[in-house]
Amino acid sequence: MQSVNEIISYSLQKELMVLMMSTEKGVSAFPESENLFKWIGTITGPKDTVYAGLTYKLTLEFPHSYPYSAPIVRFATPCFHPNVDSVGNICLDILKDKWSALYDVRTILLSIQSLLSEPNNDSPLNPLAAELWSDQTKYKKHLTEEYHKALKHNQDS
């Protein structure tokens with residue numbers, strides 16, 4: 001009889017294959033190492049948005065109850081956004097109370113990519129970003145400054 005970990009590992013291996021075969025533009029994810037329960041995801045900012053041309057890394061940690069429980073997903077690259085806090089936590093319903101076992105890594109990454117262009121300003125984790133959102137020129141300026149500051153910091157450390 002298979003252990004729960006073996007069943008979940010098999011499920012995650014299947015998801016990895018789907019992602020590798022996918023022609024989806026702008027999202028990807030792979031296990032961080034031999035541990036199938038920790039992945040690194042990448043999303044690029046959607047075209048025609050203030051995030052266009054920017055690339056973000058995310059961490060995904062899968063619980064032993066996956067896919068019946070949502071993974072813990074955080075931005076590893078700092079992301080200035082109304083629904084992302086300063087340590088990378090994401091306020092997105094499908095990662096919380098609206099989780100479904102039908103969701104997979106691809107769905108999660110596409111939802112986060114979509115969130116970049118369509119924030120929920122009613123429940124911001126970052127009030128400054130929510131406040132600036134209505135002025136896309138100011139928002140883009142602040143976003144770009146924060147993004148490049150984070151890149152420089154990562155190169156220096």
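Trainee: In this predicted model, what share of the contacts with a separation of 6 or more comes from residues 24 or more positions apart in the protein chain?
Mentor: The count takes in contacts in the protein chain with a separation of 6 or more. Residues 24 or more positions apart account for a share of 53%.

Trainee: Which pattern do the helices and strands follow along the sequence?
Mentor: The protein chain has four helices and four strands. Read along the sequence, their pattern is α-β-β-β-β-α-α-α.

Trainee: What is the radius of gyration of the protein chain, and what does the globule rule give for its length?
Mentor: For 157 residues the globule rule gives 15 Å, and the value for the chain is close to that, so the chain is as compact as a globular protein of that length. Along the principal axes, the C-alpha atoms fill a box of roughly 60 × 35 × 30 Å. The radius of gyration itself is 16 Å.

Trainee: How far apart are the centres of the positive and negative side chains?
Mentor: The protein chain has 14 positive and 18 negative side chains. The centres of these two sets lie apart by 4 Å.

Trainee: Which residue of strand 2 stands opposite phenylalanine 30?
Mentor: Strand 1 (residues 27-31) and strand 2 (residues 38-44) run antiparallel and are joined by five bridges. A hairpin of six residues leads from strand 1 to strand 2. Opposite phenylalanine 30 stands isoleucine 40.

Trainee: Which residue in strand 3 is the bridge partner of glycine 41?
Mentor: Strand 2 is also joined to strand 3 (residues 55-61), by seven bridges, and these two run antiparallel. The partner of glycine 41 there is leucine 58.

Trainee: Is threonine 42 buried or exposed?
Mentor: Threonine 42 lies in strand 2. Beyond its neighbours within four places in sequence, threonine 42 is in contact with Gly26, Val27, Ser28, Thr55, Tyr56 and Lys57. Its relative accessibility is 17%, and the cut-off for burial is under 20%, so threonine 42 counts as buried.

Trainee: How far apart in space are asparagine 83 and leucine 125, C-alpha to C-alpha?
Mentor: Asparagine 83 is in the loop between strand 4 (72-75) and helix 2 (105-117), and it is buried, with a relative accessible area of 0%. Not counting residues up to four places away in sequence, asparagine 83 touches several residues, among them Cys91, Leu115, Pro119 and Leu125. Asparagine 83 and leucine 125 are 42 residues apart in sequence, while their C-alpha distance is 5.0 Å.

Trainee: Which peptide bond is cis, with omega of about 10°?
Mentor: Most peptide bonds are trans. Proline 67, in the loop between strand 3 and strand 4, takes part in a cis bond. The bond joins tyrosine 66 and proline 67.

Trainee: What is the phi of aspartate 48?
Mentor: Most residues other than glycine have a negative phi. Aspartate 48 is in the loop between strand 2 and strand 3 and is exposed, with a relative accessible area of 82%. Although aspartate 48 is not a glycine, its phi is positive, at about 60°.

Conventions: Residues are numbered from 1 along each chain as its sequence is written. This is a predicted model: local features need pLDDT of at least 70, side-chain atom pairs count only at pLDDT 80 or more; totals for chains, interfaces and linings use all residues. Side-chain values use heavy atoms; hydrogens and water are left out. Two strands pair if DSSP finds at least two bridges between them. The radius of gyration is taken over C-alpha atoms; the globule rule is 2.2 Å times the number of residues to the power 0.38. Contact means heavy atoms within 4.5 Å. Lys and Arg count as positive and Asp and Glu as negative; His and the chain ends are not counted. The place of a charge is taken as NZ of Lys, CZ of Arg, CG of Asp or CD of Glu. Buried means under 20% relative accessible area, exposed over 50%, partly exposed in between (1.4 Å probe, protein chains only).
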